[in-house]
Amino acid sequence: MSLLHHIRSLHTLSPANKDHVSAWRMAISVAVPSLALLAAGRPELAGYAVFGALTGMYGRTEPHQLRLRHQGQAAVLLVAGVGVGVFLSAHHIHSWALVIIEAAFAGVGSLFTDKTALKPAGPFFGILALGACASVPAAAPWHTGLLLAAGSAAFSILVGFGGWFVGRTWQRGRRRDVIILRGAGRRAAWLHAARYVTAVGGAGTLGVLSGSGHPHWAMAAAAVPLAGADLPSSVYRGIHRIVGTLIGLVVVAAVLFPWPGSPLLAFPGQEAAVLVCLVIVLQFSTELFMTRHYGLAMVSFTPVILLVGQLAAPADPGVLVTERAVETLVGAAVGIAVVVLIRRRRPAVR
């Protein structure tokens with residue numbers, strides 16, 4: 001393919017496929033638990049609920065009976081990530097131990113997502129949940145964070161299945177296409193898991209050595225290119241991650257920096273409510289573009305994660321934006337390097 005073709009592919013917007021329906025489901029899944037925590041005076045716990053609600057991103061175009069199983073499997077990945085992350089935070093386990101544990105989780109998550117054929121592909125959101133929850137002070141007992149994530153995931157599954165009560169169609173015996181993890185398929189899955197361990201572990205190592213307070217951002221960014229179906233799409237995802245994140249950081253700066261147009265200054269004393277509302281709106285926007293253009297989705301998703309982090313543990317906006325930019329560049333570069341150096345073999349489908 002020519003260089004011009006690759007450049008065009010980077011900014012091509014895929015056709016719409018009822019994206020607004022999925023976006024509304026995700027917005028509702030995030031809004032209900034987040035607003036409930038805000039009303040209860042515990043907005044700092046919203047992050048656990050948001051990560052659980054990401055269950056709604058899976059199986060977006062599938063029939064209800066397939067989506068139900070698909071989202072149930074995704075909930076396992078996400079709730080496990082939150083649970084491990086909160087446990088590490090509660091026991092003050094950081095730096096090198098976090099890198100080792102998150103890299104191992106990435107490998108196990110890769111095997112799980114290959115076997116279950118989750119879409120979005122790969123363990124990225126579980127990795128992100130683990131790192132984010134581990135890197136902020138535990139705002140509640142370990143089991144509370146786990147239960148919030150599980151409850152939010154369950155509500156998200158209910159929202160995703162809600163439409164069934166209108167049509168009530170159920171096709172007996174219908175199954176999703178999944179990967180055969182035996183023979184060549186098993187070897188391909190283990191190689192793919194090794195790529196995740198290498199990329200996530202390598203990016204985390206660089207993050208710790210650099211003295212960054214957020215090496216988990218580099219680890220999450222390193223996982224992004226590995227979800228691509230082939231080499232070009234993997235590199236595209238890495239570039240989309242970098243560009244989308246950098247533009248998203250402009251949005252974060254516009255919200256958190258103390259300038260006259262900041263929405264936080266427009267509603268003094270209601271900062272938590274403003275952040276929660278922005279998270280809901282931005283998650284809607286994220287889902288609207290997630291399958292059409294990954295870079296555009298990251299413009300919205302980057303603020304979602306950082307604003308949720310501000311609710312849990314407020315940090316200096318300048319340091320936050322700078323470190324996120326650097327860690328994303330490092331992580332995405334490591335991920336792309338692993339994709340280029342360790343080629344993926346495609347397992348069989350049954």
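A salt bridge is defined here as a side-chain nitrogen of Lys or Arg within 4 Å of a carboxyl oxygen of Asp or Glu. The model is predicted, so local features need pLDDT of at least 70 and side-chain atom pairs count only at pLDDT 80 or more, while totals for chains, interfaces and linings use all residues. Residues are numbered from 1 along each chain as its sequence is written, and side-chain values use heavy atoms, with hydrogens and water left out.

Three salt bridges are present in the structure. D19, R60 and E287 are joined in a network of such contacts. In the pair formed by R60 and D19, the N to O distance is 2.7 Å. R60 lies in the loop between α3 (46–53) and α4 (64–90) and D19 in helix α2 (residues 19–39), so this pair ties together parts that are 41 residues apart in sequence. Helices (H or I, at least four residues) and strands (E, at least two) are DSSP runs, numbered from the N terminus.

R60 also meets E287 in a salt bridge, at 3.1 Å from N to O. Buried denotes under 20% relative accessible area, exposed over 50%, and partly exposed in between (1.4 Å probe, protein chains only).

A further salt bridge pairs E44 with R42, whose closest N and O atoms are 2.4 Å apart. E44 is partly exposed, at 21% relative accessibility. R42 is also partly exposed, with a relative accessible area of 33%.
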